[in-house]
Amino acid sequence: MNAPTPAAVETHGLTKRYGDVVAVDALDLRVEPQTVVALLGPNGAGKTTTVRMIATLIAPTAGTARVGGHDVVKNGDAVRRQIALTGQFAALDKHLTGRENLVLIAQLRGHDRRVARAIADELLERFDAGEFAGRVVGTLSGGQRRRVDLAASLVHQPSLLVLDEPTTGLDPRSRQAVWSTVRGLVAEGVTLLLTTQYLEEADALADRIVLIDHGRKVAEGTAADLKARVGAQRVDVVAVDAAGFVRLHDALEPGFDVSAAPESRTISIPAPAAATDLGAVAAAVHATGVPVDEIALRRPSLDDAFLALTGNAPDADDAPAPLTAA
Amino acid sequence: MSTTTVHPAPPQRRPFLREVRETLLLAGRSLRTIPRVPERLIDVTFQPVIFMVLFLYVFGSAIDVPGMSYIDFLLPGLIAQQIAFSVIGAGTATASDMAEGVVDRFRSLPIARLSVVTGQVLGQYAEALLGVAVVATLGLILGWTPDMSLGDVVVLLAVVLYALFAFMWAGVLLGMAFKSPDAVQGTGFAVMLPLSFMAGTFVPIAGMALIPRTIAEWNPISALVAAIRELTQGTHTTGSWPLEHPIAGTLIWMTLLLIACVPLAVRRFRRITAN
């Protein structure tokens, strides 16, 4: 019986051990073609190790990974032809110019120089990098370098693009630029697997989000699913002191769906209607006459997501990860 | 939105030709960056000049070599030293490449894994050859008078090219082993400087005290110096077997170096890339 179109990425029990440390622990992942999946997790969760295994840069200790049906260990070349990995640190020769980097990569891909130049120029234009393409990469800003790096990844028109923390370390404007470029790529039909620490990024770009911590899958779902579980926006009211906290809590509880965090003197109230809810809460607080440090509208953070889905803060679990059977 | 032109697929090439092409492309990339990295440019231009001036004009007047002018004695030593020092340059360039992400980029391309290493070696080779050419040319300008037949020239080129080839692989291995360019430079200099001095480079070996003389007699660099000296001046050095048969000695040493370094370098690269 023939299998349907192979998944763009499929892993079973993918594991990577470094001595006693289990970086990736029996991970099962599936990315359908022409969708975007985000691996969301804190630093050290194993996201980078996972995608490097998928991109054939690291050999798995156990388990399998397939890209477009090709096994990453057995058919590395076929995988490399379909995939492009863009890492957190631009993988470019920093002594060459952006254009020289792209031409070299196109030539290494097998194109002759004339075609290589055409490909380079076209990509540079597409990523709006033409104006600094003639400058040595080492002199570019982080955002510019990231753009050239992204262009370099696309030289061989991969069907699967893997972005490892694409906007970490970038200023907000550069981040928006990267997001809009990525969206453009997705619109053209590229399958995308990205890793990130930022829930907003996963939310903005991904169809499905996989939450990872300590190398293990913690939760999975669409952005909407996760948000429903985590709770969307909320209003945080921070009392000035413990006594004020108690008074506020007693005053607000009857009328609102409050959650309390005594250690930070914070009362949280869901705010699906954003500004309107903010106004209602502020009015209620004002009516109590209790002085407050802060009333603010907040979005759920990665910490919130973890808390809600695992019951722990992301790094609270310090017990050593169990070794899976060899 | 701009549309993507679909470019023709790259032409199929036979595997060996493909690897040669890849090696040449990567070597070219290495060479193109020399003028842009001041330290590397200095290595091939400034440093040999400094050494030459130092020994010719500062120390040279105090060193007496029976039977020949000091410059004729010195140049073979300087050439050999340039060759030996190129290990450090190759190691540093390799280490800094490995430290950056750019090697990852090459590894993620469907090119032969070996091409990354051979490209490095070839690029460094060309760069080191440039350094040797600078030394030789400068020597000629300053009064070096080699006395060689055409046969001697051919053999000299062969010896120099072979020795350089072996040292390049040693340098690339060093770079992969140490991973940090600073570590390579530090260790490299700490080892190469005394080793290249205790090789009959600047002063005749015969005049050294027992311990340095023994080291010098069996030092592979000494054989190289003696070989170049014999070919350019017809000088015969006395001492250990490699010194008295320097060309054969050099060839043996360099071959041993290659046998030791090449498999290790390839294996190390595989290990680095598998991880």
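Me: In this predicted model, which loop of chain A holds Asp128(A), and is that residue buried, exposed or partly exposed?
Reply: Asp128(A) sits in the loop that lies between helix H4 (113–126) and helix H5 (142–153) of chain A. Its phi is positive, about 60°, although Asp128(A) is not a glycine. A residue needs 20 or more C-beta neighbours within 10 Å to be buried and 12 or fewer to be exposed; Asp128(A) has 13 inside 10 Å, so the class is partly exposed.

Me: Thr56(A) also has a positive phi without being a glycine; is it buried or exposed?
Reply: Thr56(A) takes a phi of about 70°, and its place is the loop between H1 and S4 of chain A. Most residues other than glycine have a negative phi. Because Thr56(A) has 25 C-beta neighbours inside 10 Å, it counts as buried.

Me: In what order do the four strands of the open sheet in chain A run, and which strands stand at the edges?
Reply: The strands pair in the antiparallel sense, and their order is S2-S1-S4-S5 (chain A). An edge strand here has a single partner, so one side of it is left without a neighbour in the sheet.

Me: Over how many bridges does S1(A) pair with S2(A)?
Reply: The two strands form a hairpin with two residues between them, where Gly19(A) takes a positive phi near 65°. Within the pairing, Val9(A) has Val31(A) in S2(A) as its bridge partner. The antiparallel pairing of S1(A) and S2(A) runs over seven bridges.

Me: Which residue of S4(A) stands opposite His12(A)?
Reply: His12(A) belongs to strand S1 of chain A, and S1(A) pairs with S4(A) in the antiparallel sense over five bridges. With 14 C-beta neighbours inside 10 Å, His12(A) counts as partly exposed, and, leaving aside residues up to four places away in sequence, it touches Asp28(A), Gly63(A) and Thr64(A). The residue opposite His12(A) in S4(A) is Thr64(A).

Me: At about what angle to S1(A) does helix H1 of chain A run?
Reply: Helix H1 (residues 47–54) of chain A lies across S1, S2 and S4 of that chain. Taken against strand S1 (9–18), the helix runs at about 120°.

Me: Which residues does Leu102(A) touch, not counting those up to four places away in sequence?
Reply: Leu102(A) is one of the residues that touch the most other members of the largest nonpolar core, which has 145 residues. Ile83(B) is also in that group, alongside Ala38(A), Ala151(A) and Val162(A). The contacts of Leu102(A) are Ala120(A), Leu123(A), Leu124(A), Ala151(A), Ala152(A) and Val155(A).

Me: How many residues of chain A are in contact with chain B, and which elements of chain B give two or more residues to its side?
Reply: The contact joins 26 residues of chain B to 32 residues of chain A. On the chain B side there are eleven nonpolar, seven polar and eight charged residues. The elements that give two or more residues to that side are helix H1 (15–32) and helix H5 (102–107) of chain B.

Technical notes
Residues numbered from 1 in each chain as written. Chains lettered and ligands numbered in written order. Predicted model: local features only at pLDDT ≥ 70, side-chain atom pairs only at ≥ 80, totals over all residues. Core = buried A, V, L, I, M, F, W, Y, C linked by C-beta atoms within 7 Å. Contact = placed C-beta atoms within 7 Å. Nonpolar A, V, L, I, M, F, W, Y, C, P; charged D, E, K, R; others polar. Pairing = 2+ DSSP bridges. Axes fitted to C-alpha atoms, helices over the stretch in contact; angles between N-to-C directions.
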